[in-house]
Amino acid sequence: MFETLPGFREFYPEACERRNHIFRKWKQVAHTFGFSEYDPPLLEPLELYIEKSGEEIVTQLFNFVDKGGRAVSLRPELTPSLARLVGAKANSIKRPVKWYAIGENFRYEKQQRGRLRSHYQLNCDILGEPGPGADAELIAVCLKSLTTFGLTSQDLVLRLSDRTLWMLYLAALGIEGDKATRVLGVIDKMERETREVVIEKLKPVFNDGAADFLGKIETLTKIRSLEELRAFLVAQTASNTSNSTNKEQIEARLGEWASLLDYLEAYGVRDYVRVDLGIVRGLAYYTGFVFEIFELGANGTEGRALAGGGRYDHLVKKLGYPDMHAVGFGMGDVTLTDILERKKLIPTYVDAPEIFAVIGGATERKAALAGIAALRGAGYRVDYPLREVAFGKQFKLAGQSGARLALIFGTDEVAAGTVKLRDMAGGTEMAVPAEHLVPAVREFFEHGHLHP
């Protein structure tokens, strides 16, 4: 006997229905927003992920050397493949690129609630468009991919932040380059660590001023409006009279914030959005607006993250292709399925045929199969006993199948060149010529009852 590998899932038919329900909704939303579907390889060169995330990513991968001597990996995410695909056609592809994918990703890491070694993920990305209009479109499709299931602003909060603004603020304090990236890495984990630990991590950059800097950051990350944000930054940079360019850049960036929030208001999703500089998205390749969407508890407390993304304007160039602006998000199926099940927002699907055929015997089977083939050709789901079963028992099987319509190919019916239709809900019956079977069945499903 064999067991499922740790961190992997199998999908029995009922689970497949739930999963496919989520996929259908995701696809529908992506198409209404004008996104086109792509499908990258499941196996990619290992170097693709190292180039994007650094050598440390290897410990989290299902990687190996293939029979051709190539270092390869099962994909842990979709974004590097997307950047490679778009980058390869960067000089000819129509912009903006609006693509989406639903794919299985793999990470060899410790299992925990909401995080397995294999999961499905929706990715939507817009490439080739630098303005906040693309960020707004991306945030709107992300939120719609959640609210389409019935989730509301009582269930979700989108925490909106900005790596560009963080970099400008740190630059005003004289912190730039690798030091700034290191500081953002500390801030990214700040909510999960004690104040003392955060101060120790900041000391290599700020020395004795680490506690003072953390106090400023704690104030900044509690700001919830653009007006408060502008006031804070003006006050913090007022003493820096030598760098007028930095102040102008900060003011220009705040103008882009205003545009983005106006767009989101127009989209009707502003109620979901919270200004929150506490989100910085630890990955260094993010370059502009970033966000994460969290589940809200009954008392307004935040639960697990359901989706996240942001700008990554330099990734395509980093992988060796022409430079291209980009913004995207990822949304996994594990945490989404969990919240939908808890809130009873996944419908119960009945895995049943539409039609069940009752067949008299071996003599009638040929005529029955011809009728069944015609109905299947017309798109109906038809089932029947694969071996000869007593006539009476077949009616019991028809009732157990959940089918709305039964077809009776009995000795008398086949001899007369007819098929008897039985409405399984109402019990009414009617006979139709075999050559009129498909239109008669179509009329039944259009009107919901038989028309003798």
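Buried means under 20% relative accessible area, exposed means over 50%, and partly exposed lies in between, with a 1.4 Å probe and protein chains only. The legends below describe a predicted model, in which local features need pLDDT of at least 70, side-chain atom pairs count only at pLDDT 80 or more, and totals for chains, interfaces and linings use all residues. Residues are numbered from 1 along each chain as its sequence is written, and side-chain values use heavy atoms, with hydrogens and water left out.

**View 1**
Helices (H or I, at least four residues) and strands (E, at least two) are DSSP runs, numbered from the N terminus. Two strands pair if DSSP finds at least two bridges between them. S10 pairs with strand S9 (residues 289–296) in the antiparallel sense, over 6 bridges. S9 and S10 form a hairpin with 5 residues between them, and Gly300 in the turn has a positive phi of about 85 degrees. Strand S11 (residues 326–332) is also antiparallel to S10, and 5 bridges join the two. Gly308 in S10 stands opposite Glu292, and the bridge partner of Gly308 in S11 is Gly330.

**View 1. The open sheet of 8 strands.**
The strand order is S1-S5-S6-S11-S10-S9-S7-S8, and the pairing is mixed. Strand S1 (36–37) and strand S8 (273–275) are at the edges with a single partner strand each, so one side of each has no neighbour in the sheet. S1 pairs with strand S5 (residues 97–106) in the parallel sense over 2 bridges, and Ser36 has Trp99 as its bridge partner in S5.

**View 2. Strand S7, covered on both faces.**
In strand S7 (residues 156–162), 7 of 7 residues are buried. Leu156, Leu158, Leu160 and Asp162 are on one side, while Val157, Arg159 and Ser161 are on the other. S7 and S9 are antiparallel and pair over 7 bridges; Leu158 has Ile293 as its bridge partner in S9. S7 and S8 run parallel and are joined by 3 bridges, with Arg159 opposite Arg274 in S8.

**View 3. The largest nonpolar core.**
A nonpolar core is a set of buried Ala, Val, Leu, Ile, Met, Phe, Trp, Tyr and Cys residues joined through side-chain atoms within 4.5 Å. The largest one has 78 residues, and Leu160 and Leu336 have the most contacts inside it. Helix H4 (residues 132–147) gives the most to this core, with 9 residues. Another core, of 29 residues, lies apart from it and has Leu46, Leu127, Val290 and Met324 among its members.

**View 4. Helices H1 and H12.**
Contact means heavy atoms within 4.5 Å. Axes are lines fitted to C-alpha atoms, for helices over the stretch in contact, and angles run from 0 to 180 degrees between N-to-C directions. The axes of helix H1 (residues 13–32) and helix H12 (residues 333–342) come within 11 Å and cross at roughly 105 degrees. Angles under 35 degrees count as roughly parallel, over 145 as roughly antiparallel, 65 to 115 as roughly perpendicular and the rest as oblique. H1 and H12 are therefore roughly perpendicular to each other. Arg18, Ile22 and Trp26 in H1 meet Asp333, Leu336, Thr337, Leu340 and Glu341 in H12.

**View 5. The buried face of helix H8.**
Ala210, Phe213, Leu214, Ile217 and Leu220 are buried in helix H8 (residues 210–220). Down the axis of H8, these buried residues fall within an arc of 115 degrees, so they line one face of the helix. The arc is that of the directions from the helix axis to the C-beta atoms. An α-helix has 3.6 residues a turn, so residues three or four places apart point the same way. The cover over the buried residues of H8 includes helix H5 (163–172), helix H6 (177–188), helix H7 (195–206) and helix H9 (226–237).

Gln400 lies in H14 and is exposed, with a relative accessible area of 55%.
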